[in-house]
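Work through the exercises below with the sequence and the model in view. Each task is followed by a solution in steps.

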Amino acid sequence: MCKLQERRTELQSPEGRCGMLDATDRAILAILFKDATQSNRTVAEKVGVSQGTVSNRIKRMEQLEIIEGYSIRLNPEKIGWRMTVVVGIRMEKGRLLEIQEKIAEDPRVVSVYDVTGDYDSMVVALARDREDLNDFTKTVLSLDGIERSHTHMVLNTVKNTWIGIPELEFSSD
């Protein structure tokens, strides 16, 4: 078996080849990406392989963390998240990880990225309304160590394949 590199870009295929998914793996992933609730039997029929092959391939991809988990996709607007923002943030030198960890704690934050270019980090967040966005700006984007932020409001989503949304708040009433 080949050694997995630090970022898990290299993997052992069933045929012993390293560094690639074969056509069967890709077909299984394509079917599961559209609907991960399908049974192994249904996936096997669509791919044209045995149910055991599908089961083994899925287990292997889970072990190699190619498949990191299974989730549902929600429409953020229909559950109250009416605004999406992308924020470029410049931070004090030497404080990047500390500040990113604080930003990531906010339940409105969907993603935090290290980037190249004019900013040190890019943040994707959702807000319920302008008041919620105002609160996000005054609390999260004014953390100690943030030198500058530039907020871009998303007007229209053309494509969105990431699945995450902020944690849902549940009332105990």
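**Exercise 1: Helix 3 and its end**

Task: Find the residue just after helix 3 that takes a positive phi, and state the angle.

Solution. Just after helix 3, the residue with a positive phi is E65, at about 60°. The model is a predicted one.

Task: Compare the reach of helix 3 with the expected span.

Solution. Step one: helix 3 covers residues 51-63, which is 13 residues. Step two: from first C-alpha to last, helix 3 reaches 18 Å, close to the 18 Å expected at 1.5 Å a residue.

Task: State which residues of helix 3 are buried and what they pack against.

Solution. Step one: the buried residues in helix 3 are V54, S55, R57, I58, R60 and M61. Step two: the buried residues of this helix pack against helix 1 (23-34) and helix 2 (40-47).

**Exercise 2: R108**

Task: Locate R108 and decide whether R108 is buried or exposed.

Solution. Step one: R108 sits in the loop between helix 4 (96-104) and strand 2 (109-114). Step two: buried means under 20% relative accessible area. Step three: R108 has 8% relative accessibility, so R108 counts as buried.

Task: Which side chain makes a polar contact of 2.8 Å with the side chain of R108, and which one is joined to R108 at 2.9 Å?

Solution. The 2.8 Å contact is with the side chain of D132. The 2.9 Å contact is with the side chain of D135.

**Exercise 3: Confidence**

Task: State the average pLDDT of the chain and a stretch where pLDDT is below 50.

Solution. Step one: the chain averages 84, and 82% of the residues score at least 70. Step two: pLDDT is below 50 over residues 1-11. Step three: where pLDDT is low, predicted coordinates should not be read in detail.

Terms used
Residues are numbered from 1 along each chain as its sequence is written. This is a predicted model: local features need pLDDT of at least 70, side-chain atom pairs count only at pLDDT 80 or more; totals for chains, interfaces and linings use all residues. Side-chain values use heavy atoms; hydrogens and water are left out. pLDDT is the predictor's confidence in each residue, from 0 to 100. Contact means heavy atoms within 4.5 Å. Helices (H or I, at least four residues) and strands (E, at least two) are DSSP runs, numbered from the N terminus. Buried means under 20% relative accessible area, exposed over 50%, partly exposed in between (1.4 Å probe, protein chains only). A polar contact is a pair of N or O atoms within 3.5 Å; within protein, one must be able to donate a hydrogen and the other to accept it, and residues adjacent in sequence count only if both atoms are side-chain atoms. The expected span of a helix is 1.5 Å times one less than its number of residues.
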